[in-house]
Amino acid sequence: MQAHLLMGQQNNHQGNWSSGFAFILVSVGSAIGLGNLWKFPYITYENGGGEFVLIYLLAIVFIALPVMIAAIVLGKRTKLNIVGSYRKLSNNNRWWSGVGVMAILAATLILSFYSVISGWALKYFFEGMQGTLVLLTKESSGAYFQDFLSDGSAQILYHSIAMLVTGLIVAMGTKGIETAIKCMLPVLFAALIILMFASTHQYGSEQTFNFLFDFDQNQISINSAIEAVGHAFFTLSIGIGILVIYGSYLPDNVKILPSSIMVALADTAIAFIACFTMYPIIFGADMEVSNSSGILFTTLPVHLNELPFGRWLSPFLFILISFAAITSMISILEVIVSCVSEELNLPRKKTTVVMVLLVYFMGFLSALGNGANHFLTNLSFMDKADFIASNLFLPLGGISIACFVGFYLSNKEKAAVLQVSENSLTFKVWNVLIKYFAPIFIFTMMIYFF
Ligand code: TRP
């Protein structure tokens with residue numbers, strides 16, 4: 001069916017997921033990351049829960065999920081990376097290829113600082129295994145974290161480990177990625193469930209439940225609403241073409257709709273479980289939540305120590321975060337490597353080495369910018385990169401994919417890839433959501449934001 005698309009084009013597109021279930025797992029691995037475990041609990045807390053949660057859920061269902069489906073449709077249809085997909089279906093339109101290249105640049109930017117934060121989690125995991133974290137107290141944990149941040153060689157060391165592991169996995173292609181995710185996800189789920197049990201057992205879950213699901217307790221501001229919508233994109237990994245490339249590896253018989261819904265459900269469930277793990281401790285221990293990275297790296301380890309089996313809870317927390325971060329890093333690196341190797345017709349392994357080195361050195365800007373180097377600390381590259389990527393590149397990337405699929409593919413083609421009838425209500429609703437609702441909504445939101 002796709003033969004005519006590929007004609008006359010060098011195509012070294014490699015890889016296939018072994019099944020639809022494998023696709024769900026790798027996409028869940030990509031979706032679950034620091035966004036679920038660190039950012040969601042933190043911003044939800046800051047925004048007072050309740051209505052913020054409601055808006056986040058609506059944004060997932062009516063904006064993020066439809067756009068996510070559009071990205072998978074694009075990849076499955078073209079069997080190409082994001083740049084190749086835009087180029088092919090727009091008949092080599094330069095502007096669209098440029099939009100694709102922008103996504104790859106965003107991916108490079110995000111990966112460079114994401115790797116540094118993943119390194120922090122790895123360091124705390126190693127320390128936790130050795131039992132060092134037990135010694136942390138309320139008074140000392142902040143300084144301990146800050147000392148680590150300002151230690152340039154330690155920052156680079158753990159950033160190197162994170163990049164190396166990710167690079168080795170991605171170099172092995174879809175087989176390597178699948179195997180790695182199948183090993184890491186069960187550990188991640190087990191660790192999270194154990195932590196949730198430990199925390200709710202000690203402090204109860206009623207207060208958390210009311211905080212999250214009492215929908216009419218507060219008046220939410222427009223800025224909070226925007227934050228909720230932006231996070232819906234971030235958490236489902238939308239906007240830089242991850243789901244385009246993951247969708248391109250889908251076996252033909254796999255249905256996109258149920259798989260995407262599964263991914264969104266799993267991702268949302270994990271975000272809530274993360275809240276049910278952290279909030280009981282926060283409420284129960286009467287903690288001050290003042291600083292975002294502080295929750296994970298300074299306050300939680302101290303309070304975990306006080307729970308039964310506390311000695312082992314910190315290693316669980318940090319293996320959970322390390323694995324969640326690495327499974328997300330894999331997906332970001334895969335976008336970059338697959339695109340560069342396909343578009344420039346280079347071998348995958350060599351491309352991986354070159355791109356890992358590039359991202360690795362770019363990561364120094366973040367690794368040395370938290371106290372190690374005076375100039376870089378003043379520059380605060382990490383914050384700027386995060387801000388630009390999350391608030392500009394991701395929403396723009398998301399709108400582009402939605403409009404492109406909405407208008408460049410005929411209804412017949414879209415319905416065929418989705419394996420649903422063109423006249424079904426589901427199809428019609430989805431089509432209106434990606435063609436009009438999502439782009440107009442996101443665009444208005446961005447104008448308001450800037
Ligand atoms: N979704 C991941 C998280 O919640 C982060 C992530 C992975 C991501 N790939 C992405 C964010 C692509 C934006 C774009 O942490």
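View 1. Helices α2 (20–31), α3 (34–46), α6 (94–130), α11 and α15 each contribute at least two lining residues. By class, 10 lining residues are nonpolar, 8 are polar and none is charged. The structure holds 5 cavities of 30 Å³ or more. The model is predicted: local features need pLDDT of at least 70 and side-chain atom pairs pLDDT 80 or more, while totals for chains, interfaces and linings use all residues. Residues are numbered from 1 along each chain as its sequence is written, and side-chain values use heavy atoms, without hydrogens and water.

Terms: on a 1 Å grid over the protein atoms alone, a cavity is a set of points where a 1.4 Å probe fits but cannot get out, a pocket is an open set with protein on both sides within 12 Å along at least five of seven lines, and lining residues have an atom within 4 Å of a point. A volume is the space filled by probe spheres set on the points. Helices are DSSP runs (H or I, at least four residues). Ala, Val, Leu, Ile, Met, Phe, Trp, Tyr, Cys and Pro count as nonpolar, Asp, Glu, Lys and Arg as charged, and the others as polar.

**View 2. The second largest pocket has a volume of about 240 Å³.** I55, I63, V229, F441 and M445 are the closest to its centre among 14 lining residues. At least two residues of the lining come from each of α4, α11 (222–235) and α20 (425–449). The lining has 13 nonpolar residues, 1 polar and no charged ones.

**View 3. Helices α4 (residues 51–78) and α5 (residues 82–89) cross at roughly 70°, with their axes coming within 10 Å.** The two helices are therefore roughly perpendicular (65 to 115 degrees). L74, R77 and T78 of α4 meet S85, Y86 and L89 of α5 (contact: heavy atoms within 4.5 Å). These residues divide into 3 nonpolar, 2 polar and 1 charged.

**View 4. E343 belongs to helix α15 (residues 310–343).** A polar atom of the E343 side chain lies 3.5 Å from the backbone nitrogen of G84. The C-alpha atoms of E343 and H13 are separated by 9.5 Å, although these residues are 330 apart along the chain.

Definitions and conventions: A polar contact is a pair of N or O atoms within 3.5 Å; within protein, one must be able to donate a hydrogen and the other to accept it, and residues adjacent in sequence count only if both atoms are side-chain atoms. Axes are lines fitted to C-alpha atoms, for helices over the stretch in contact, and angles run from 0 to 180 degrees between N-to-C directions. Angles under 35 degrees count as roughly parallel, over 145 as roughly antiparallel, 65 to 115 as roughly perpendicular and the rest as oblique.
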